[in-house]
Structures are given as C-alpha cells and as structure tokens.
Amino acid sequence: MNKEYDCLIIGAGPAGLSAGIYAARYSLKTIIAGIPLQSIITHAWKVENYPGFKEISGMDLINKFVEHVKHFEVPIIEEQIVNVEKKENHFLATTSTNKKIKARTIILATGSTSRKLNIANEDDFIGKGVSYCATCDAMFFKDKIVAVVGGSDSAVMTSMLLAQKSKKVYIIYRRDKLRAKPMMVNKVMKNNKIEVIYNAEVKKLIGDDFLKGIELSNGRKLSVEGLFVEIGHVPNTIIAKSLRVKTSEHGFIIVDENMRTNVKGVYAAGDICGSKNKLRQVITAASEGAIAARSVYEDKENEVV
Amino acid sequence: MVVTITSNNYEKEIINHKGYVIIDYWASWCAPCRMASPIFEELSEEMKEIKFAKLNVDEERLIAQANKINSIPTFILFKNGIEIARFLGVMPKEVMKQKIMEAIKRNE
C-alpha cells in the first residue's frame, strides 16, 4: 500500500493490457487491475482481423496479451476495482477484496458488456435459451432451431457459428439491410441454413422453464430454442462517473486525441470511450491503450501529473 | 476435492448418492468456466458436507443433454440424486456459497 504507482490501469482487456505493455516500455511503475477472462473479447469465437493472426479465438488472443504483459513484469491483480478516490496528488483505488492501490494516474479501460433486449422475462431465460455469447453456448444448440438478434459483424459471425451445428438460424434485424461488412454479409446470403428477417424486433419470449419460441414485432411467431442477442454493448462507466469523468449522451467517455479525459491524471482507452460509431475492435483498443500510456508518460515528464 | 464425472460413474456418484452433490458443467474453451473452476475447488474444501463434482460437456454430451445444459458454466445441486437447484454463470465465492446453503435449507 505504501508503494505509489505511476499508473493504475483499470481493466484487463485488449486496451488495458496493451496500455500495460507500453507503460512498461516507458518505464512507468504500472499495475493492472482486472480479470482478462472477463473481457468481452473472450466471447469472440474467431478473430480474423488482428494482424499477425490469420485466425485465433478471442480467449487465446487475450491469453497472448497477458503473456506479453507478464514478460514485461507488469503485475496484474485479478480483481475488480470497486472504488476510486481522488486525493490531492494521487488516486486511491480499492479492490473487491479491499486491497488499496495508490497511483498518480489512472487509465480507464473497463470496456463494455453485452446490451440486453430489455423485454419481459429476459433474465429468467438466461442460460435457458437466451444467450449473449454464442462462443460459450452454441454447442448446446446442435440440431436445434435458433435465432440471432442484430445485424452487425458480431451478429453475422454468431449466425455463421450457429449454422455449423444448428438446424436453422434466423437473423432478426430491425433495419432493412445488415450492417455487417460486405464480405460477411455475402457468406450469410450463401448459407442456406440462415434466413434473415428484416424490419423486425423480438417482442416476447415464449416458454415455461426453457425457451420454446419468440414473437416478433411484425406478429410472426417462431419456434426457437435458442436466442442469441448481439445488439451491441453498453460501456462500463461506474468508476468513470465516480471520478466525474465526462461521458457523451451515449454513455461513452469523452477523450481528446491522446486519450486524456476532462479529469487531470485520468485517461481512457478501448470500448469505453470515443464516439458511438467509433471502430471498436481489438486493434483499435490496443492502439488506444498504447496512446494512453504515452500520454501518461508525457504528462509525467512535463510534470503535469 | 472435486470428483470427475463420466458416463461410467454418473449413476454411482450422482444418481445413487445419498445426500448433496453439486456438479460443475464446464469445457476447456469456456472462459467463464476457467474463472469459476478455482472458486469451485476452494468451495469444495470449505463445504465438506457436500460432494463436489465436475463434468466436461464436450466429453460427456449425453449427460449434459439429459440435464438440459444450455450454457456453461452451469452448476446443478442434487439431493439424493434429484436436482434441487441450478445456478448459471460465474459468481463470487461467497455468493455461490450462500446460494448453495439457501437451496439446501429450502429442501431440508
């Protein structure tokens, strides 16, 4: 506790771990708090666009990031940060087991969690048909009929994964055109197990103990045993808000081009920050982590923090 | 200690077991399962009155199907071979402990 770090990185996904690597190389006394396996990237069945890896699972990729961080001897404390207080010249963070960490600066890289549908009974069916992670749950829907909600890259990737084993896959999307990358949309169009239902939303979940079907906004009822929700993510900004860090109307932290927030000594990187439509990928998270670490270094050198 | 369940010992260790047994349904590729398993191990040392068991859903698909596993990790608590509660997803150790105790209390 007596030790004061130059930088505490909160979050151990691609942004936080990359910030850790760069901070170590700037010789900043750094500590990372967060659980790498909790990063949303572990939900990715396949990552095919991170340079250097033609194809790798999200979990394997994050494990490689962790190895890299450990190589530079940056400690990772695998706990949540539950509170951060701003003191005069430093920050004092508390972990879930009440450990205290003192640091001069903070990089917020707490990422995001899956957005829910926000309809009745949704929570009752989690793990009983409703899933936010196809990578985790797809195998349980072999030879069954399932639906995916959403039209993004993740939604399309999820439908491709499900189509390998499931009997039929519906994609339910509220717009009239999928917004995934053209190459992926083409794959969906060519897959005869996948049927896209446009201009529709899920209104009702049907079933007793386990999901049996869904009702759509256009009145259509579908018999499905699995419903995979891929409608984007909500930023995890509880700590940010407690530090009075400014967020946009969509809830993301506002940062300048060097990842500085409005609060002196607080930076942000990855899914948690930027504009609503910013590219949110492993590569951009890693890039922002690097930039944030450099800003910490520069501010320390210039005695701003 | 956590007993590994397969189709060979499922009947003996679970169905015919007198008392409480809890199974952790897991797989090697499941990130939350990897987070949950050390917690489960620790609980097995703290709650000696319950038998702790784990089942790999890849290797024992039929049992997983029979137990309607739809998501992992899932934990099912049995009393005298009959399911009395199921918990889904990773949770902190104390929360899980409490859920197990509450389920046992309800079924005494």
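Predicted model: local features only at pLDDT ≥ 70, side-chain atom pairs only at ≥ 80, totals over all residues.

Colleague: Okay. How many helices and strands are in chain B?
Modeller: Chain B has four helices and five strands. Along the sequence they come as β-α-β-α-β-α-β-β-α.

Colleague: What radius of gyration does chain B have?
Modeller: It is 13 Å for chain B. A compact globule of 108 residues would have a value near 13 Å, so the two agree. The C-alpha trace of chain B spans about 30 × 30 × 25 Å along its principal axes.

Colleague: And how much of chain B is buried?
Modeller: Of its 108 residues, 51% count as buried. The accessible surface of chain B is about 5400 Å². Carbon and sulfur atoms make up 53% of that surface.

Colleague: New topic. How many salt bridges are there over all chains?
Modeller: The count is 24. One of them joins A:Glu288 and A:Lys278, at 2.9 Å from N to O. A:Glu288 sits in helix H7 of chain A, and A:Lys278 in the loop between strand E17 and H7. They are ten residues apart.

Colleague: Are A:Glu288 and A:Lys278 buried or exposed?
Modeller: Both are buried.

Colleague: What about chain B? Which residue does B:Arg86 form a salt bridge with?
Modeller: Its partner is B:Glu83, with the closest N and O atoms 3.0 Å apart. B:Glu83 is partly exposed, because its relative accessibility is 34%. Elsewhere, B:Glu42, B:Glu46, B:Lys93 and B:Lys97 are joined into one network by salt bridges that share partners.

Note on methods
Residues numbered from 1 in each chain as written. Chains lettered and ligands numbered in written order. Heavy atoms only, no water. Helix = DSSP H or I, 4+ residues; strand = E, 2+ residues; numbered from the N terminus. Rg over C-alpha atoms; globule rule 2.2 N^0.38 Å. Buried < 20%, exposed > 50% of the residue type's maximum accessible area, 1.4 Å probe, protein only. Areas by Shrake-Rupley, 256 points an atom, 1.4 Å probe, with all protein chains shown as cover. Salt bridge = Lys/Arg side-chain N within 4 Å of Asp/Glu carboxyl O.
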